[in-house]
Every structure is written in C-alpha cells, then in structure tokens.
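Trainee: I am new to this one and would like to go slowly. Please pick a single part, look at it closely, and walk me through the details in order.

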Amino acid sequence: MTLSLASLKIGETAVIVGFTPDCPQEVRQRLLDLGFVRGSRIEVENVSPLADPVAYSIHNTQIALRRSDAAYVIINC
C-alpha cells in the first residue's frame with residue numbers, strides 16, 4: 001500500500017518509495033540531503049503536542065519534519 005509519510009502514526013514504520021510529482025525541488029533536495037532516499041526504512045518516533053512537527057527516525061538519526069513537508073514523501077507500508 002502506497003501512502004504519504006504524513007499519514008503514519010507514532011511507532012509505525014515504512015519504506016520510502018520516492019516523492020510526489022508536486023514536491024518543490026528545494027524541498028526534495030533538502031530531504032535527499034537528510035537521507036530520505038528510496039529504500040530507506042523510517043519510523044515515527046514522536047509527535048509534538050500540537051501534532052506538528054513530527055520526529056522520524058531514519059538511518060539511526062532523529063529528524064523533525066513539518067507535516068506539510070512529510071506529505072511529499074511517498075512510503076510503502
């Protein structure tokens with residue numbers, strides 16, 4: 001099943017498939033620089049009290065992303 005990274009709940013894991021076609025180039029490049037590459041396993045570690053941003057664990061690193069940026073990342077559960 002293919003979903004957006006923003007749809008994951010705390011504790012869930014997925015594999016990154018790619019980016020949506022409408023993802024701005026600067027956001028895509030920043031995510032790639034942070035390690036959001038195809039085939040990477042990602043897990044939701046923590047959600048802030050107002051639900052934005054969300055902390056994800058990828059490549060043994062915790063990275064916080066806005067839900068609006070996470071919506072550009074396509075995952076496979």
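**The cysteines, then the loops**

Mentor: Let's begin with the sulfurs: the structure holds 0 disulfides, a disulfide being a pair of cysteine sulfur atoms within 2.5 Å. Please keep in mind that this is a predicted model, in which local features need pLDDT of at least 70 and side-chain atom pairs count only at pLDDT 80 or more, while totals for chains, interfaces and linings use all residues. Residues are numbered from 1 along each chain as its sequence is written, and side-chain values use heavy atoms, leaving out hydrogens and water.

Cys23 is buried, with a relative accessible area of 7%, whereas Cys77 counts as exposed at 53%. Here buried means under 20% relative accessible area, exposed means over 50%, and partly exposed lies in between, with a 1.4 Å probe and protein chains only.

Now to the loop between strands S3 and S4, where Ala51 lies. Helices (H or I, at least four residues) and strands (E, at least two) are DSSP runs, numbered from the N terminus. Ala51 is not a glycine, yet has a positive phi of about 70°; with 32% relative accessibility, Ala51 is partly exposed. Pro53 also sits between S3, residues 41-47, and S4. The peptide bond leading from Asp52 into Pro53 is cis, and its omega is near 10°.

Strand S4 (residues 54-58) pairs with strand S5 (residues 61-65) in the antiparallel sense, over 5 bridges; two strands pair if DSSP finds at least two bridges between them. Asn60, in the loop between S4 and S5, has a positive phi of about 60° although it is not a glycine. Asn60 is exposed, with a relative accessible area of 81%.

Arg38 belongs to the loop between helix H1 (25-33) and S3, and is exposed at 68% relative accessibility. Leaving aside residues up to four places away in sequence, Arg38 touches Ile16 and Val17, where contact means heavy atoms within 4.5 Å. The Arg38 side chain also reaches the backbone oxygen of Val17 at 2.9 Å. That is a polar contact, meaning a pair of N or O atoms within 3.5 Å; within protein, one must be able to donate a hydrogen and the other to accept it, and residues adjacent in sequence count only if both atoms are side-chain atoms.

Thr20 lies in the loop between strand S2 (13-19) and H1. At 14% relative accessibility, Thr20 counts as buried. Setting aside residues up to four places away in sequence, Thr20 touches Arg28, Ala71, Tyr72 and Ile74.
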